[in-house]
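Dear colleague,

I am handing over the structure below, and after it you will find some notes on what came out of going through it. Please read them with the structure open beside you.

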Amino acid sequence: MTSINTTAAGVEIEDLDVSFGDTHVLKGANLSIEPGEFFAFLGPSGSGKSTLLRAIAGFGPTPSGRILIGGEEVAHLPPWKRNVGMVFQSYALWPHMTVRRNVAFGLEERKLPSREIATRVDAVLEMVGLLDLAERRPAQLSGGQQQRIALARTLVVEPRVLLLDEPLSNLDANLRIQMRRELRELQQKLRLTTIFVTHDQEEANTTSDRMAVLNDGVIQQVGAPMELYDNPANLFVATFLGTANVLKGLVEDTDDGAQFNSVDGVPIPLHTKERGPRSLVFRPQNVAIAPANAPVDSDRVRIAGTVCHMEFLGSIIRYGVSVGADTALVDDQHRRGAPVFAIGDEVNLFLQKDQVTTLKN
Amino acid sequence: MGSVFAPGQRGPALAGGLIALFLLLFLLVPMAQVVVVAFQDPNTGAPTLINFVDFFKTSLFQESFINSFYVAAMSVVLSSLFALPLAYFTTRFNFGGALLIQTLGIIPLIMPPFVGAVAMALLFGANGSVNLLLDEWFGFTIPFMEGLNGVIFVESIHYFPFILINLSAALNNIDRAMEESAQNLGASGTRLFRRIVFPLAMPGYVAGAALVFIKVFDDLGTPLLLNINNMLAPQAYLRITSIGISDPMGYVISVILVAFSLLSLWVSLLALRGKDYATLQKGGGGLMRRDLRNWEKIGCYAVVILILLLVLSPHLGLLLLSFGTIWSFSVLPDAYTIDHYVTVFSEASGYITNTLLYAGLAALFDVIIGTGIAYIVWRTGLPGRKWLDYGATAALAVPGVVIGIGYLRTYHGINVPIADQPLASWWVIIVVALTIRRLPYALRACVAALQQVSVMLEEAAENLGATKGRTVWRIVVPLMSGGILAGFVTSFATASVELSATLMLVAVDSDAPLAYGIYEFMQSAAGRGPGAALGVIGVVFVGLGTYISHRIIERGRVTLESTAIVAEGAAA
Amino acid sequence: MKHVLFGTVVAIGLALASFQVQAVEGTLTIVTSYPKDTTGTFKAAFEKKYPNVKVEMLKKKTTAGIKYLQETAGSNTSDMFWASAPDAFEVLKGDDLLVKYQLKVKGIPEKVGAFPINDPDGYYKGFAASGYGIMWNTRYLKAKKLPTPAEWSDLKKPVYHGHVGMSAPSRSGTTHLTVETLLQGKGWEKGWAEWKAIAGNFKTVTERSFGVPDGVNSGQFGVGIVIDFFGLSSKASGFPVDYRYPTVTTLVPANIALVKNGPNPEAAGAFIEFLLSGEGQELLLDPKIRRLPVNPATYAKAPAGFPNPFKDSSIGSAVKFDLALSKSRYNVINSLFDVMITYRLDDLRDTTKAIQDAEAAMAGKSNDKAATLIAQAKALVNQVPVDAATASKQEFNAVFKKKRKKATTKVEGRQAEIEQDWDTMVKGNYAKAKSLAEKAKSML
């Protein structure tokens, strides 16, 4: 049973620019979010992700460009006429009102009959499981409870889009995992278009259907989480999503086809048509580590190096291997009794050619 | 919070004892010396409550009580009408000159009310400039200054900055998300203000309004200058100072004034209990500042300028008076001259030096004592600590003339060794009187500042080996600096215009402060212009001092905010 | 140490050289209610004459000055008290805070007008005369088309309704004397009736005596009942005001006295002598001061048109002022004025307006019933809660004083109680009178 009847709306962002005075914080954003999609804005702080979210809600400086919600142009509308629900990072529960009054607020603003308000408030509090706390003040609630009330307060008005601004950042680690699952389930149940701002890629990966990675006011790449991880469009995306080894150098023609020569002159043959200065990117888990005298496999690229540090992380051992002046990280599956390299050991790294990406610097 | 007898409490206990002793010696004892008459049978001298029975049976006093209450309540309403738009526009919109507006909004505090009343009568009186013009053009006049209206008008203009300061601070402390979440849920405009913004700023507003209410209820200068007798404070004053008559009712009224003021204070604290919203959270404080459309901007500026013109009218009047030759039954002075400034020029420097010295010292002592009391009340478990707060706050309600007479009665017999003169006629006693009279302002500012400092920051310092005293000095005081400076400014500005206690205590002319000097000039027909010139000079000096302190506060707040964010980040 | 010795030697030398004159030096502290214009002029002139004396003028309102001297009597630091109202000096004398002084200057007559210049007991000395009169703002009168008032009775006229200002006798000693003068001149009942009729036209009762000239100068009200130097000095300062003495007035001396146990009695004596010397008396003619000298010879140097009470018998001589009578009912009059006029001014003004309106409607008509009602209304307004005999009774006066001469003086009742009774009666009378007057008007 759901008491919330929402009609999912898509969100289109076209050439959106936002400036705070002389500071250009969002530069020509273009984005298309499908109805019912769970979409994440991911990026470091100062990347413009919150600004973009707030622009959709109608907060912050007036942007240039277009924002369409369900096909309707909203950029000129004040926040209170947009019917997009937003849950704030600090929850922003009003301390002078009880939980019930907080949740009823939006419905009262919509001038609903008081009987309907009461039923809907009860229903949504029931849904988040906090009906018995209705008469409390926000200060008397725990962080998780406050979070749910903030969500209930937003959902009860049946918004066209749900905006979540780092909603989990004020919770402790266990609660965060639980809440993100609940959020996802709720979103699936309601089929509500949801935009989620976070700087935590794990949160974005686990909850969202698609996501946009932002940096420096620019949308770097849009796509499903795995797609972005596997095929980053640029160095920023590659390094921001998970751990990546980056070797800088030049892709040149040789007799056998393309070859990457790192700055230190380590040659790595590649399958690529690109030429010129490039960065070679590969993930630590896609590299095999072997003793220096191990046989060479022609399918794989061999890189010689020296172990310079080692971390035991439980399921894996992460080695740092000096390759020329660079250090490559290598994850080795840990099995009981398997040999472990020591710092200073000469090793060979084996890299499958299809697991390597070349990106422009 | 520590336990009652924790070893770390020895320092605070000593400080608390010293403050209590100070309050006892310079507030309670002198006051008791004066008001004891209220509890004596006028015919036999035996202790009795008959005088209080008389008070409540006397219709004149009943009316006076109602009038005082009415004037105080209406002054709160009118002050709010002045303060609300100024506070709201400058904290909520991107508004050119917001700092200037805020500073100008505090200027009315630094004009002695009796000087303001003179200027106001010339501008708004029955035959003042405004009414002369109205009469000439439209054939009617508005009784701005008639009867209680005049008192309400003058008091509101003088005291509204209390609401402005407190309300602006409260509005600045509201988490922006509080407002945005309401907008997100469909609220806007006045509904948003009424349902969210104002309730959240309520603690600041009530604190300011309570201060206005009490000050107006107890003020005697303004009604006396406007010749309004049927109010409590003037009744007390008239009866205490009448030649030859020794009516205990004057002292009875003083006791009632003190009691009623404490009652109002208590009620306001009760109303605020549990509403102390520490709404400043991560993500930046302060309301969202919105850009205004052009026509909105024009409207806002029109309102702001109108209010500023109104509240600064005493200053404009004073300026005209100081440059005018003769100003009598006319819209403007007959001609202009700088003679008045020439007249006072040689004497002004003495008055100004004295004023800056006295008010500066008093404000300094006030913030030191205020910080001490705030810390003891809110951070220690010392028994009876609340009484320090009550005691210091009670000074708000003690009429200046009672303090003045009390000091003379208590300390004239005590000789100061080095200065070789009686304590009551040594200039330092004026500083002490000002310190006591302005302590409540500084105390409230210090308490507010302390409440915004997380206990955790202190615990961190103690954990790293700092003693209580070192912690207060190195952590608490720096973090409170914005509030302490605000308290200093308020105490300083208001102390520099104090007259009622100083009139009684100035023992030699060369010790006299500015307000006293202006008063002296204004007691003769020829002295009105020079008095006004002295007033203008004083306002300029004190205003400059206030503005500079304000700038320091603004700068202090920026650093303080970044510290607070770091601290919150560490706590999260 | 050398300096002190040297100073002493010089002082002794000087003292020997002018063997009659005592060494006059040090600081002279004078508690005064006078404005800077007056005190500054005298301070400068005196210090010029006695370069070793530094004069400290301690400016206090008369009432505050008395309190100050009372409270500081234990370790007195003041030498002199210098103010207008003789009654203020009476209070200090009564509290044993003054010392007698034997004047050396010659040429000061016994009386000015009907009032003795010096305290018969020898404690305080008159140095200038002041008379009460009427002051008006010429622009105001012109704009409101009001005639120029000449006599107290003019101020009763309906044309002045809401245009007159005065201070209260409990606030200002000189105002008290004006009230008392009229009461003595007209008798208790008629005197109060006259005051109430005038007060019915009041715009305000000011808290300070300076409030009256201030109000007239700035045009807040048109006509003020003021002491002469306020009117004269305002006019001299350029304000569009004028002043005149009505027929029934009294001249009262403004005074100075030595405070008991003052630190510098020699300088204090020198100051009194200076004040009353030809030189000091002449300073009073300064346009910013404008007080009437008590030395008749000084008037020779006065500007044309300066009033001379020693020549012009119309000033202040119509009433034989009975000082003993005044003293006997001093506090009762202060209290009565406040209860009947100051605190009930709004009621009195409304009632007076109603009576004036009714009388205006009566003009030229004859209606006995209405005339009776108006007469009744007037009688109600004029009723005084105590008669002249009671007002002067010692026991009755004692209610208004905390300090009584003798512990055996019997006191019945408390001031608050008595004033409440008076107030009930006065307020009721005014209300009744108003309705009677309105009824009378409705009949016309």
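**How the chains meet**

Of the two pairs of chains in contact, it is chains B and C that share the most contacts; please keep in mind throughout that this is a predicted model. On the two sides of that pair, 50 residues of chain B are in contact with 61 residues of chain C. Several helices of chain B each supply at least two residues of the side that touches chain C, among them α3 (59-92), α5 (113-124) and α22 (514-521), while α17(B) gives the most, with three residues. Sorted by kind, the residues on this side of chain B divide into 24 nonpolar, 20 polar and six charged. Chain A and chain C, by contrast, are joined by no contact, and their closest C-alpha atoms lie 47 Å apart.

**A sheet in chain A**

Chain A holds an open sheet of six strands with mixed pairing, in the order β6-β7-β8-β3-β9-β10. Because β6 (84-87) and β10 (218-223) of chain A stand at the edges with a single partner strand each, one side of each is left without a neighbour in the sheet. On average, and with direction ignored, neighbouring strands of this sheet are turned by 20° against each other.

Within the sheet, strand β3 (residues 38-42) of chain A pairs with strand β8 (residues 193-198) of chain A in the parallel sense, over five bridges. To follow this pairing at the level of residues, you could look at A:Phe41, whose bridge partner in β8(A) is A:Val197.

With best wishes

Definitions and conventions:
Residues are numbered from 1 along each chain as its sequence is written. Chains are lettered from A and ligands numbered from 1 in the order in which they are written. This is a predicted model: local features need pLDDT of at least 70, side-chain atom pairs count only at pLDDT 80 or more; totals for chains, interfaces and linings use all residues. Two strands pair if DSSP finds at least two bridges between them. Helices (H or I, at least four residues) and strands (E, at least two) are DSSP runs, numbered from the N terminus. Axes are lines fitted to C-alpha atoms, for helices over the stretch in contact, and angles run from 0 to 180 degrees between N-to-C directions. Two residues are in contact if their C-beta atoms, placed from the backbone, lie within 7 Å. Ala, Val, Leu, Ile, Met, Phe, Trp, Tyr, Cys and Pro count as nonpolar, Asp, Glu, Lys and Arg as charged, and the others, Gly among them, as polar.
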